[in-house]
Amino acid sequence: MNTTRIVLRHSGHRHGPITRLMSPGDVGQLTKPFVFLDDIAAPAGGGSRFGFHPHSGIATLSVPLTFDIEHETSEGRVDHVAAGGQEWMQAGSGIWHKSQVTSTAPIEGYQLWLALPASHELAEPVAAFIAPEQVPTMGPAKLLLGTHEGQRSAVPAPHDANLFWVELAPGQSWHYTVPDGHSVLWLAAKRGSVHVAGETLRNELAVLTHEGAEPLHFSSAEGGGFLFGSAVLHPHELVLGNYSVHTTAEALEQGEARIREIGRGLRGR
């Protein structure tokens, strides 16, 4: 017998154009390695510009649904990501970066942080910038992270995790077979509505549990767009710094020392 339940519904905390739906001190404890999730929504010209800031021990995935981004790292790399593409920054041992919106369209998108495995939390940083045409599409779903139905995301993530952006037309359904070991399941409803586990969600995050071999079933009477993630649970405690997430206090100390060192170099430019 299959059982799907919603164990948490959360509308987040809004500050300006950003609604924080997930953070390590609350929902992130249930959804790790997914530990931060920001839903970004603003009128044209209303987006934030993020100056140089550091990270270590995590990866950030930016998903600009409707707008373009310019991204620069402390290593001097500058890249551009078009609407519908992705920006992946695997901070590892430490990096600084900044970004700004470069288009004039209304702004809709997400930024997600993932805690890195212990094997990668102090590795060299990795950056990847994915063009819209490189994102695998399977029916109403775009594969942003991981593997599904024989296709693989272009994002070089070291996680056993999948992430999708799904857009359902009115009356359309989507089915997802949960991979073995993926006990972390969540979705963020953004456009319209999505119906799952007997409940209808709008503009909110939900954490799910699912037992049985049958696929998860999502539908929408009016049409809807949502972000959906599944993963093997991150097995470590979340050890937090101001801009960092690590598996141990010792790893956090190393990561923060490295980002302080990079910061001193930036100030000396």
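The largest nonpolar core in this predicted model has 30 residues. Phe34, Leu37, Trp186 and Leu227 are the residues with the most contacts inside that core. Apart from it lies another core, of 22 residues, and among its members are Val166, Val196, Ala206 and Leu208. As a general point, nonpolar side chains in soluble globular proteins tend to be buried together.

Now the charged side chains. How many salt bridges does a search of the whole structure find? The search finds ten. I will go through some of them.

Start with Arg191, in strand S19, residues 184-192. The side chain of Arg191 meets that of Glu108 in a salt bridge, at 3.1 Å from N to O. Glu108 sits in strand S11, residues 107-115, and the two partners are 83 residues apart, so this pair links distant parts of the chain.

Arg191 also forms a salt bridge with Glu167, at 2.9 Å from N to O. Glu167 lies in strand S17, residues 161-168, so this pair ties together parts that are 24 residues apart in sequence.

The next pair is Glu72 and Lys98, a salt bridge whose closest N and O atoms are 3.7 Å apart. Glu72 is in strand S7, residues 69-73, and Lys98 is in strand S10, residues 95-101. The partners are 26 residues apart, and the pair links distant parts of the chain. Lys98 has a relative accessibility of 24%, which counts as partly exposed.

There is also a network of salt bridges, which links Arg9, Glu199 and Glu204. In general, side chains of opposite charge can pair when their charged atoms come close.

Where does Ser56 lie? Ser56 is in the loop between strand S5, 50-55, and strand S6, 58-64. Its relative accessible area is 0%; the cut-off for buried is under 20%, so Ser56 counts as buried.

Which side chain does the side chain of Ser56 make a polar contact with? The partner is the side chain of Ser244, at 2.8 Å.

Terms used. Residues numbered from 1 in each chain as written. Predicted model: local features only at pLDDT ≥ 70, side-chain atom pairs only at ≥ 80, totals over all residues. Heavy atoms only, no water. Core = buried A, V, L, I, M, F, W, Y, C linked by side-chain atoms within 4.5 Å. Buried < 20%, exposed > 50% of the residue type's maximum accessible area, 1.4 Å probe, protein only. Salt bridge = Lys/Arg side-chain N within 4 Å of Asp/Glu carboxyl O. Helix = DSSP H or I, 4+ residues; strand = E, 2+ residues; numbered from the N terminus. Polar contact = N/O pair within 3.5 Å; in protein donor to acceptor, adjacent residues only side chain to side chain.
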